[in-house]
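Q: Please take a close look at the aromatic rings of this model, and walk me through how they pair and what surrounds them.

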Amino acid sequence: MDSAADILKDLPVDYHYVFDLVHFILCIQGDRADLGDSFETTSKLNPLASWTSAMLSCFAGGLLVAPLCGEPILAALGDSTKLGLATLLWFLLYYCPQDLAFQISKMFPVRIIMYTIKGIYYPKKVLAGMKHAAHVLPGNFLAIVLLACCKGNGSGIIKPFCRLVRGVWTPTSWETLMPSICTSTASLPPLLTVPARGPHLCSRGGTLPLMKWSLLGASGPLPPVGRH
């Protein structure tokens, strides 16, 4: 069990650009899907708004966690390589001739691979949020829960702001009104394990159960809470 957890923990570190690439693609896909029928208009007439919305989604975890911990917000965009990679992917998924890049990214075999990689990355991000909260705000249980949710489902939580920069205001879409399955799943590890084990749960033993949650949450042991 420990060896499997060690492998899962090390994969996002050893191949971090692969995991970041998949994360960015899925975030940009989600942001584009959220545009709906306005995609053509927004992407052609308001490319800056489109890019800003996509970057907010891609770097949502860091952008949300920073102000909660009293850290510079723009530090989340401090890695020029990641920012450049996310921008390149946004350009390809929005403006590639014949929409080829987007169509390839939506092919079923490609989606299966990306969702599997995301499933491994997801618990790593949740644990990172819990660790960061335990380090910056030791003993603050609420901070551990909030930062775990922000890291685990930052793109969902920040969605109203993404819409706002595109000129759309949807005050009823906040995660606090109807939490999505991703937010509900991200809140479970700290709620179930921190009271029993404390912040030391952020060890190798906590990684494998989190991966199971992330891969099976919507159709496995977790009830269908909230929306997808």
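A: In this predicted model, the structure holds 9 aromatic pairs. Tryptophan 90 counts as buried, because its relative accessibility is 9% and the cut-off for buried is under 20%. Tyrosine 95, in turn, has a relative accessible area of 28% and is therefore partly exposed.

A further edge-to-face pair is made by phenylalanine 161 and tryptophan 174, with centres 5.3 Å apart and planes at 80°. Since phenylalanine 161 belongs to helix 11 (residues 159–165) while tryptophan 174 lies in the loop between helix 11 and helix 12 (181–197), this pair ties together parts that are 13 residues apart in sequence. Phenylalanine 161 is partly exposed at 38% relative accessibility, and tryptophan 174 is also partly exposed, with a relative accessible area of 25%.

Returning to tryptophan 90 and tyrosine 95, both belong to a cluster that ring pairs build from Phe39, Trp90, Phe91, Tyr94 and Tyr95. One member of this cluster, Phe39, also has a charged neighbour, as arginine 32 lies over the face of phenylalanine 39 at 4.0 Å from the ring centre. The charged end of arginine 32 sits over the ring of phenylalanine 102 as well, 3.7 Å from the centre of that ring.

Conventions
Residues numbered from 1 in each chain as written. Predicted model: local features only at pLDDT ≥ 70, side-chain atom pairs only at ≥ 80, totals over all residues. Heavy atoms only, no water. Phe/Tyr/Trp six-rings, centres within 6.5 Å; stacked < 30°, edge-to-face > 60°. Buried < 20%, exposed > 50% of the residue type's maximum accessible area, 1.4 Å probe, protein only. Helix = DSSP H or I, 4+ residues; strand = E, 2+ residues; numbered from the N terminus. Lys NZ or Arg CZ within 6 Å of the ring centre and 35° of its normal.
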